[in-house]
Amino acid sequence: MSSAIFLGSGLHTALGVNVADCVAALRGAPPQPGFVSCSMDAGAEAIPYFLLSGLPADEPGARLDEVVFEVIQQALDAAGLSPSQRESLALFVGSSSFEIAGEEYRYRQALNQSSSAIPLAECGMANLAERVRSTLGLRGEDYTFNTACTSSANALWYAGKLIEQDVIEHALILAVEFVNNTTTYGFQGLQLLSPTTMRPFDGERNGLVLGESCAAMVLGKSSGSEGFHLRGGANLCDTYSMSTTREDGSAVVDVLRRALASSRLTPDAIRAIKCHGTATITGDAAEARGMLTTFDQLPPCTSLKPFVGHTLGACGLTELILFCEAVKAGFLPGTEGIAADTDGVGFALNQRPMPVVPGHFMLNYFGFGGNNTSLIVSNMADGVDS
Amino acid sequence: MSLKILAIASYCEPIASDGALPELKEMVKISTGVVVRRVTRFVQLALIGAGRCCENVEVAPDTGVYFSSCRGDTEVTASLLEDLISRKELPSPVTFVNSVSNAACFHVARALGLHDRNNFVTNRFDPIVAALTTAYVDITRGEIATALVGSVDSASAPLARHRQRLQVNTSTVIGEGSHWMLVASPSDPRKGIGTIPGAHNFSGWEQLQAWLVGTGDYGNWLLAPGQHLSETDANRIAELIGTTACFDYSRNLPYYDSQTGAAIEQFIRERNEPGMLHVNSDPAGRYSVVLVER
């Protein structure tokens with residue numbers, strides 16, 4: 001069966017305004033997050049946050065459009081599609097919060113004008129997709145995924161499957177997550193935010209730091225080259241809890257094994273793993289148990305959230321682009337000083353940029369609503385011995 | 001490949017003119033057999049529709065859930081925004097967690113004992129077609145054998161605000177809809193109540209026209225015009241396929257966003273024609289088609 005190949009990417013995170021800048025920053029140590037000030041009647045509070053590089057967090061609506069269309073342009077330029085291929089692109093959007101930042105701003109402004117103003121005056125789950133589609137003149141079908149932290153991973157996975165099944169020829173996948181009060185205070189209320197930095201799988205982990213991201217990728221059908229492509233994946237629902245993965249790791253084991261089976265690979269064929277790693281006490285412990293059960297010997301593991309924060313619904317595509325581009329550049333990112341030993345959860349993260357050759361790689365994502373997704377990507381052709 | 005429809009059911013009720021929303025808690029218990037606490041109206045509607053759909057059919061634990069909605073859970077999201085911005089109060093953890101759209105998928109899966117894939121996937125003008133297309137591709141690839149596919153549109157109080165969001169006037173009867181179907185691969189040994197030969201998307205009229213002309217004889221099928229299909233389009237499609245039978249399934253429905261599921265259920269339950277061609281469109285002139293065969 002043919003597979004969906006990654007033709008071009010665009011990215012804007014806390015690390016930089018394009019793919020090259022972001023990947024270059026992965027060679028260093030994870031940066032310190034910035035802060036956002038969330039103000040309530042009780043007073044303003046500074047909360048650590050990985051904000052988009054070089055972009056002040058004001059006028060949310062205009063800010064989102066500026067970034068989204070710039071990042072899409074990066075992906076389209078890199079993909080090199082013909083005008084007719086561009087026009088027929090199918091669009092897949094994955095996000096947790098979509099345009100809620102803009103809605104908060106609009107509602108606040110409207111309340112200043114009239115006390116009878118209502119929130120969500122122009123609501124629609126697929127409004128962002130519709131605006132992107134109409135602005136770019138895309139004529140292909142569009143899909144909007146909202147499965148919490150797995151949203152854009154699932155968007156990418158289904159885009160790949162529709163390409164493999166010849167339902168569509170090319171797909172544009174868009175992942176967005178922008179700073180907003182609803183998400184920030186929601187996570188704070190759940191006591192999941194770190195007051196300092198994000199240390200996934202570390203014995204001293206104390207929660208996550210939220211991050212902003214906009215990522216885009218053009219997918220197409222494999223033309224026989226050895227570029228990165230989707231090899232397989234799995235998505236399973238863990239109904240243990242809305243906000244926590246089953247603590248014994250069994251749900252993680254199930255989805256990892258299913259992803260390997262769908263890729264026709266055994267665990268020892270995986271060259272490296274991109275962990276989800278939210279730096280929460282129970283989430284990381286469950287993920288670690290699941291990985292240690294699935295793999296007799298764990299391959300090198302890395303975590304990208306210390307670099308860009310937890311970008312929620314955008315983390316699927318954001319971290320996949322960061323990971324694949326780093327591997328293409330010949331290295332596996334390291335998180336120096338974070339989970340340097342096995343004391344935290346039983347395994348250590350890669351500490352410094354490590355040389356890596358083509359192979360099969362696993363990327364894991366676990367979200368609210370028990371939505372668990374594991375993707376296998378490869379930059380090695382079928383039949384080549386790993 | 002045609003998907004076999006094993007079961008289909010819905011909840012679809014108008015909202016009374018005084019704006020009082022029907023109580024759903026007891027209906028959730030009756031349709032799912034479980035008591036589900038601390039969930040939103042949107043989740044309750046999903047549970048009622050999905051529960052009714054699976055009431056009289058065995059549902060394997062590895063059934064996938066594919067769920068869609070045009071506007072999602074506006075009640076909980078609006079409440080979050082009012083708490084934060086208007087009342088300047090922190091959202092409760094439960095309210096925040098319930099605000100993710102796949103909360104409904106989670107509760108459906110938990111109530112029905114399902115643990116396979118679970119997706120909230122939608123689009124603006126024909127939400128359930130997005131869910132159906134992704135379910136179709138998973139069954140076609142042999143990744144799952146059965147799929148529970150649904151769409152939900154909920155109302156929220158006060159009704160005047162809900163009307164404002166829907167952009168409809170006070171003379172329009174507003175409603176809520178939760179439409180679900182259990183579909184399976186053709187190899188499923190159970191007797192189906194219909195089949196879905198396909199769900200398709202077209203980038204424009206020429207593509208739709210070419211497909212209609214090239215794929216089969218729909219002359220004795222029903223044409224079901226979708227909510228956003230113009231009368232002009234409906235007439236030229238009817239002429240193209242040579243049918244005079246137009247299915248005005250929405251005539252007795254209250255207004256809500258995603259009515260394609262209602263068309264499929266009404267066709268299965270109430271009509272005798274061999275097939276139904278449901279065609280919808282969007283303002284850009286793209287089209288979506290769902291085929292249903294008896």
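**Where the chains meet**

Author: In this predicted model, the contact takes 52 residues from chain B and 53 residues from chain A.

Reader: Which element gives the most to the side of chain B that touches chain A?

Author: The elements that each give two or more residues to that side are H3, H4 (93–98), H5 (103–112), E3 (118–122), H6 and H7 (159–166) of chain B. By class, the side of chain B that touches chain A has 22 nonpolar, 19 polar and 11 charged residues. With 9 residues, the element that gives the most to it is H3(B).

Reader: How many nonpolar, polar and charged residues are in the contact of H7(A) with H3(B)?

Author: From H7(A), the contact is made by Asn181(A), Thr182(A) and Tyr185(A), and from H3(B) by Leu80(B), Leu81(B) and Leu84(B). Sorted by class, the contact of H7(A) with H3(B) has no charged residues, 2 polar and 4 nonpolar.

Reader: Which residue of E3(B) is the bridge partner of Thr144(A)?

Author: Strand E5 of chain A, residues 142–145, and E3(B) run antiparallel and are joined by 2 bridges. Within E3(B), the bridge partner of Thr144(A) is Thr122(B).

Reader: What is the distance between the end C-alpha atoms of helix H6 of chain B, and what span should its residues give?

Author: H6(B), residues 127–140, is mostly covered, as 12 of its 14 residues are buried, among them Ile128(B), Leu132(B) and Tyr136(B). At 1.5 Å a residue, its 14 residues should span 20 Å, which agrees with the distance between its end C-alpha atoms, 20 Å.

Reader: Which residue of E9(B) stands opposite Thr195(B)?

Author: Strand E9 of chain B, residues 287–293, has 6 of its 7 residues buried. Strand E6 of chain B, residues 194–202, pairs with E9(B) in the antiparallel sense over 6 bridges, while strand E8 of chain B, residues 275–281, pairs with E9(B) in the antiparallel sense over 7 bridges. In E9(B), the bridge partner of Gly275(B) is Glu293(B), and the residue that stands opposite Thr195(B) is likewise Glu293(B).

Reader: What phi does Gly285(B) take in the hairpin of E8(B) and E9(B)?

Author: This hairpin has 5 residues between the strands E8(B) and E9(B). There Gly285(B) takes a positive phi, with a value near 85 degrees.

Notes: Residues are numbered from 1 along each chain as its sequence is written. Chains are lettered from A and ligands numbered from 1 in the order in which they are written. This is a predicted model: local features need pLDDT of at least 70, side-chain atom pairs count only at pLDDT 80 or more; totals for chains, interfaces and linings use all residues. Two residues are in contact if their C-beta atoms, placed from the backbone, lie within 7 Å. Helices (H or I, at least four residues) and strands (E, at least two) are DSSP runs, numbered from the N terminus. Ala, Val, Leu, Ile, Met, Phe, Trp, Tyr, Cys and Pro count as nonpolar, Asp, Glu, Lys and Arg as charged, and the others, Gly among them, as polar. A residue is buried if 20 or more other C-beta atoms lie within 10 Å of its own, exposed if 12 or fewer, and partly exposed in between; C-beta atoms are placed from the backbone. Two strands pair if DSSP finds at least two bridges between them. The expected span of a helix is 1.5 Å times one less than its number of residues.
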